[in-house]
Amino acid sequence: MDSIIKNRNILIDVLKGIAIIAVILYHLGVSEFGYLGVDVFFVISGYLVAIGLIKNFNNSKFSYWEYLNKRLSRLWPGLIAISIIALVLGWKWMLPLHFKLDCESIVGTCLFGNNIIQYITSGNYWMADNEFKPLMHTWYVGILMQFYLIIPLVFYAAKKCSKQWSRAAFCILMSLSLLSFMVYVGPVMTDSQNFYLLPARFFELGVGALLAIMLMKSDGGFMPGKAFSFCVLLLFAVILIFSPMIEAVKLRLLATVAISVAMIWCSNYFTLSLGISKILYPIGFMGVASYSLYLSHQVFFAFYRYIESSVFSIVDYLYILCATIVLGLIMYFLFEKPLTQYLSKRKHNMYIVNGLSIIFVIGIVSVALHYYRQDGLVRNIPELDLYVGENNLTPEDYNSRIFAYDNDFKDNGKPNILVLGDSFGRDWINVLIESGVDSVMNISYRTKPDEITQKRILDADYIFLANNSSVFTTYSKILPLLMNKNYYRVGIKGFGYWAGQVYNNDRYGDGYFNQAIEITSLTDRIDKEEKILFGERYIDMMSPIKVDNANIAIFTSDNKLISQDCLHLTKAGAQMYAEKLDVWQYLK
């Protein structure tokens, strides 16, 4: 214990310990603002990497190649380890769609680009909820590595341009950080871009680096403390001026960054007594092992939720939290700590580690891409009509094919049906098709309430609203046009919390196909509210699958899954609805 206290900044370790505990509790679902722990890590990371760079530049010993290898040797092995775990467990336990998404994240994680992958797919209907993604959290490491690639170039440019290179580096970093700050608080980027992409995150890391320059100034005459104070005042002025326009979530993040900077600053001027250091040691040690804890916790959480349950009791919370910490510490003692000791012995070792990492990454990425191209199918899944080596129609393709119905009505004398909605609307069209409606009527599909939609409403004989949100939020603009039309609201449907729990519950045991699951409280509430609201114009999508008042079936009579993601219909599910729900009663 004493060696750790003597050789490290205990206050920074404590700050990291608090941050990792907050993140773990957030992903466990018991801390609403625990996600801010990641922002604490960003500030600390910017500070620490800048400290090392300043020392090397002051001694004229900086080598970008050596620096890059050092960063990779510290970050890569852990990412590779959890990617292997996610690949093996996903292969064993996941349904094809979810394993495909898992493979996608594995590729992004191994190549330090999972933040970009998460951003690109964040609006995809078929993406798993974050709590079920084993590698969702590695977006943070992606941003970190991207910052690590850029910041030495800032120092190098400053060194080339000015003898007072730290002053030039400070000015460049401050300019980039201010620009990033304005991008974050302004209406420049979407929420998803602000969360996952470096331009909106740069200022958090940059502020930490600026603090490092201020504390380690080397050239005379330059007072970075005054410049830093001025810029802090400028930032507060901007916040005060624009605070009514800045969302609360952004203000919380900015406050977290400011507090982190203050604590790091204080850590350089205050020394804790040995007694207090020992009291804070458990939290400080969590900070020492924070990288292992960060990498391992979400993998455990995601697969526990996927296989066992996503609804926890107090005992479950305590068990999962303790198990997570134990697994993270095992990873630290058996993997991260020995690796750190090995890397510290001689410089050549980091090249060995990175050489082995490249070999592993090539192998892992190749396997992940192979399964990704197979749509995540590693074994026959009869309950989804998916078979290895065959030309399968996946449930997502079955739903997406309905985009082809986004056309004006044909002038052929047949009645016209317009379906408005998102992927739920596409599900409803599949039910209509499986009922044979498309053979005697024209079907048109539309998502946006625009002028084209308004024209089709006028031409439609029957209109169905089917979307996974309130019609008053999405379609309020066109609701008055429906008053004199024959329209219906297609009700909400939900098939539990997560299909993985069904798939892994006594798979192919005697009671496997007879499983029934409880209707979620959210689905039940919305269903009851809209029944009252729409009355006779409401199409009840839950009644056909109810076993009793509280539970629903999840398999059809011929042992096929009604849904693979608890939201959308498989082909078998659409056929079941066509059989049990008389859609023709709405087309008279």
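# Briefing on a predicted protein chain

Of the 588 residues of the protein chain, 54% count as buried (buried is under 20% relative accessible area, exposed over 50%, and partly exposed in between, with a 1.4 Å probe and protein chains only). The model is predicted, with local features requiring pLDDT of at least 70 and side-chain atom pairs pLDDT 80 or more, while totals for chains, interfaces and linings use all residues. Residues are numbered from 1 along each chain as its sequence is written, and side-chain values use heavy atoms, with hydrogens and water left out.

**Overall architecture**

- The protein chain contains 25 helices and seven strands; helices (H or I, at least four residues) and strands (E, at least two) are DSSP runs numbered from the N terminus.
- The C-alpha trace of the protein chain spans about 85 × 55 × 40 Å along its principal axes.
- Among contacts in the protein chain with a separation of 6 or more, 77% come from residues 24 or more positions apart, where contact means heavy atoms within 4.5 Å.

**The five-stranded sheet**

- Five strands form an open sheet in the order E2-E1-E3-E4-E6, with parallel pairing; two strands pair if DSSP finds at least two bridges between them.
- Strand E2 (442-446) and E6 stand at the edges with a single partner strand each, so one side of each is left without a neighbour in the sheet.
- Strand E3 (residues 462-466) runs parallel to E4 and is joined to E4 by three bridges.
- Two bridges join E4 to strand E6 (residues 538-539), and this pair also runs parallel.
- Arg489 of E4 is the bridge partner of Leu465, and Arg489 also stands opposite Tyr538 in E6.
- Val490 has Ile539 in E6 as its bridge partner.
- In a regular strand the side chains alternate between the two faces of the sheet.
- Strand E4 (residues 487-490) is covered on both faces, with Tyr487 and Arg489 buried on one side and Tyr488 and Val490 buried on the other.

**Helix H20 and Gln454**

- Helix H20 (residues 451-459) lies across strand E1 (416-421), E2 and E3, and runs at about 145° to E1; axes are lines fitted to C-alpha atoms, for helices over the stretch in contact, and angles run from 0 to 180 degrees between N-to-C directions.
- Gln454 lies in helix H20 and is partly exposed, with a relative accessible area of 24%.
- Leaving aside residues up to four places away in sequence, Gln454 touches Pro449, Lys477, Ile478 and Leu481.
- Gln454 and Glu518 are 64 residues apart along the chain, and their C-alpha atoms are separated by 39 Å.

**The H4–H5 helix pair**

- Two packed helices are described by the angle between their axes and the distance between the axes.
- Helix H4 (residues 64-93) packs with helix H5 (residues 96-110) at an angle of about 170°, and their axes are 10 Å apart.
- H4 and H5 are therefore roughly antiparallel to each other (angles under 35 degrees count as roughly parallel, over 145 as roughly antiparallel, 65 to 115 as roughly perpendicular and the rest as oblique).
- H4 contributes Trp76, Leu79, Ser83, Ala86, Leu87, Gly90 and Trp91 to the contact, and H5 contributes Phe99, Asp102, Cys103, Ile106, Thr109 and Cys110.
- By class, the contact of H4 with H5 comprises nine nonpolar, three polar and one charged residues; Ala, Val, Leu, Ile, Met, Phe, Trp, Tyr, Cys and Pro count as nonpolar, Asp, Glu, Lys and Arg as charged, and the others, Gly among them, as polar.

- Helix H19 (residues 423-434) has twelve residues and reaches 17 Å from its first C-alpha to its last, close to the 16 Å expected at 1.5 Å a residue; the expected span is 1.5 Å times one less than the number of residues.
- Eleven of the twelve residues of H19 are buried, including Arg426, Asp427 and Trp428.
- Helix H25 (residues 571-580) has Ala572, Gly573, Ala574, Met576, Tyr577 and Ala578 buried, and their cover includes helix H18 (395-400) and H19.

**Residues with positive phi**

- Phe112, which is not a glycine, has a positive phi of about 55°.
- Phe112 is found in the loop between H5 and helix H6 (114-121) and is buried, with a relative accessible area of 10%.
- Asn559, also not a glycine, has a positive phi of about 65°.
- Asn559 is placed in the loop between strand E7 (551-553) and H25 and is partly exposed, with a relative accessible area of 34%.
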